[in-house]
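My entries follow in the order in which I looked.

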Amino acid sequence: MELNNLTAISPVDGRYRGKVASLGEYFSEYALIKYRVFVEIEYFIALCELPLPQLEGFDKSKYDAIRDIYKNFTEKDALRIKEIESVTNHDVKAVEYFIKERFDALQIGDDKEFIHFGLTSQDINNTSVPCSIKDAIQEVYLPMLEELIEKLTQLAEEWKQIPMLAKTHGQPASPTRLGKEILVFVERLLVQLELLKAIPCYAKFGGATGNFNAHIVAYPEINWVEFANNFVNDHLKLERSQLTTQIAHYDNYSATFDNMKRINTIILDLNRDMWTYISMGYFKQKIKAGEVGSSAMPHKVNPIDFENSEGNVGIANAMFEHLSAKLPVSRLQRDLTDSTVLRNIGVPFAHTVISIKSTLKGLDKLLLNNDELEKDLDDNWAVVAEAIQTILRREAYPNPYEKLKELTRTNKKMNQEVIHDFIDTLDVNEDIKEELKAITPHNYTGVMF
């Protein structure tokens, strides 16, 4: 079968391709090849700028033409590299040979042996991949997450004044405000967002086993550690790990994935709360003409966006967890188990993007059902017992908790009449009774956030 949205094995490249297409610029095979070409070209230019003695006379006016190799990189170029790889059976060496071909075409082939000079393939992979992660987070993930936070902030302000019966252990509890409950998720997301932004994106760059052996044997007079630090930090905008084996130790990759996993877990928690509020009738959902909620039950309007988001969070987090647990572990100076795993980084990113988009879609469908919120408060006057016993404590009334427990911890329905009758029996002055009677499930909501 020809590969397309219908024949793709993964729904990321099939059913959901339209939702995650932007990630192709960072995590596809094409993207990985392009990032490798970018690193190789910038490394060659950095050697010219050093300069290496043999590159001291290199014509700097050629820099733009060299950079065009990656700036104007096409799928045709990537296919040429794959053709070379079919012979070399080595993906990074194929990139080197491709660039050498382009140098010959630019008539600078005399200097082409300084492409990939002194490097191992992991110097390219362990700079290309963190570049792609950094760019995908900055250009795709963060704007989407910030959109979700902005949407929640907007809803919190819109629902700021809406009193709501809280539920702890699934049972009626001290009332809250709907806007405040949404702000809980805003704060949680903002805290994790700042932690994510603070995680440095580390790269490995140091030769075959991390010691610059080949560089130093060729040019012992050059400070290669200083050169590599400047190249990785200034040219690639990454942080260079100072002590490595042949590969990156991936610890900061794990920190990033664990952080994204925590953010996803917050989103999952939000999804389940929204799903529950819908099932309780606190929200209705906008109805779109032509849509069907059930193949059998015509009335159904299901909270499918929150369910879809929850499912995708589960897949994303399972993969993030595997990546963060597996990647930092490698036998001695390296084994190859990281290579195939690294190629899957885009998958949990994709499921995360699908999840956030689904949550946003679900939030956009919500219609506040204020009548149901008010009814639930009216049906649960027992929740003001906390307020009454607290004021009685203030007034040094004997055993106030026990008296309210005796009144409310029964199967008898509590309403305004029952509560006010109880207040009338209390041995307190009329001002205190009026203070107690002024408390309702609708106004006993604490701080206005």
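I took buried to mean under 20% relative accessible area, exposed to mean over 50%, and partly exposed to mean in between, with a 1.4 Å probe and protein chains only. I noted that this is a predicted model, in which local features need pLDDT of at least 70 and side-chain atom pairs count only at pLDDT 80 or more, while totals for chains, interfaces and linings use all residues. Residues are numbered from 1 along each chain as its sequence is written, and side-chain values use heavy atoms, with hydrogens and water left out.

Entry on aromatic rings. I let rings of Phe, Tyr and Trp (its six-membered ring) pair if their centres lie within 6.5 Å, calling planes under 30 degrees apart stacked, those over 60 edge-to-face and the rest tilted. A search of the whole structure gave me 23 aromatic pairs. One of them is the stacked pair of Phe58 and Tyr63, with 6.2 Å centre to centre and 20° between the planes. Phe58 has a relative accessible area of 9% and is therefore buried, and Tyr63 counts as buried because its relative accessibility is 10%. I then looked up Tyr250 and Tyr253, an edge-to-face pair at 4.9 Å centre to centre with 80° between the planes; Tyr250 and Tyr253 are both buried. I also recorded one aromatic cluster, formed by Tyr43, Phe114, Phe117, Phe205, Tyr219, Trp224, Phe227 and Phe231.

Entry on pockets. On a 1 Å grid over the protein atoms alone, I took a pocket as an open set of points where a 1.4 Å probe fits, with protein on both sides within 12 Å along at least five of seven lines, and lining residues as those with an atom within 4 Å of a point. Grid points are joined across faces, edges and corners, and a volume is the space filled by probe spheres set on the points.

The largest pocket holds about 430 Å³ of space. Its lining has 23 residues, and Leu32, Arg36, Ser339, Leu342 and Arg343 are the closest to its centre. Counting helices as DSSP runs (H or I, at least four residues) and strands likewise (E, at least two), numbered from the N terminus, I found that H7 gives the largest share of this lining, five residues.

For the second largest pocket I noted a volume of about 360 Å³. Among its 13 lining residues, Ala382, Ala385, Glu386, Tyr401 and Thr408 lie nearest its centre, and helix H17 (400-408) is among the elements that supply at least two lining residues each.
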